[in-house]
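This briefing concerns the helical architecture of a single protein chain. Please consult the sequence and the structure shown below while reading the points that follow.

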Amino acid sequence: MSVNGQSPSSRSHASTPASRFRALEFERCPDCRMDPLSGRGFRACRQPRCPFIPRELDPVCPECGYDVANDRGTPACGGPGVCAFAADEGPRRVALLRAWRERHEVD
Ligand SMILES: [Zn+2]
Ligand SMILES: [Zn+2]
């Protein structure tokens with residue numbers, strides 16, 4: 001296991017390895033066929049986002065609502081056209097989402 005090129009992050013909103021591992025075990029809620037990567041799908045829970053999706057798998061910025069996975073919305077939290085989440089935690093969540101999708105059947 002290599003740690004080359006990995007700069008340690010002590011940011012408070014960064015997820016821990018343990019929480020990322022738990023996120024990979026996430027099973028979609030039975031009433032909801034939402035694909036967290038695309039944000040599309042049937043949502044019986046009638047929420048804009050399924051409330052059961054772990055924080056580590058949600059590619060939408062909690063500040064400005066910019067969807068990093070799908071480039072939807074308007075980045076704004078880091079200034080006009082800039083999303084701090086998209087430059088930091090967002091891409092890590094998208095990578096984790098892709099890993100999650102490989103482990104779960106998503107139609
Ligand atoms: Zn749901
Ligand atoms: Zn943002």
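**Helix packing in a predicted model**

The cover over the buried residues of α2 includes α1 (17-24). The model is predicted, and the secondary structure of its chain consists of two helices and zero strands. The chain has 107 residues, of which 21% are buried.

**Helix α2**
- The buried residues of α2 are E89, G90, R93, L97 and W100.
- These residues lie on the same side of α2, because they cover an arc of only 90° around the axis.
- In an α-helix there are 3.6 residues a turn, so residues three or four places apart point the same way.
- A95, R98 and E102 are exposed, and they sit on the face of α2 turned away from its buried side.

**Contact between α1 and α2**
- The axes of α1 and α2 cross at roughly 40° and come within 9 Å.
- On the α1 side, the contact is made by R20, A23 and L24, while α2 contributes L96, A99, W100 and R103.
- Classed by residue type, this contact of α1 with α2 has five nonpolar and two charged residues, with no polar ones.

**Contacts along the chain**
- Of the contacts in the chain with a separation of 6 or more, 44% involve residues 24 or more positions apart.

Terms used
Residues numbered from 1 in each chain as written. Chains lettered and ligands numbered in written order. Predicted model: local features only at pLDDT ≥ 70, side-chain atom pairs only at ≥ 80, totals over all residues. Helix = DSSP H or I, 4+ residues; strand = E, 2+ residues; numbered from the N terminus. Buried ≥ 20, exposed ≤ 12 C-beta atoms within 10 Å, placed from the backbone. Contact = placed C-beta atoms within 7 Å. Arc of directions from axis to C-beta. Axes fitted to C-alpha atoms, helices over the stretch in contact; angles between N-to-C directions. Nonpolar A, V, L, I, M, F, W, Y, C, P; charged D, E, K, R; others polar.
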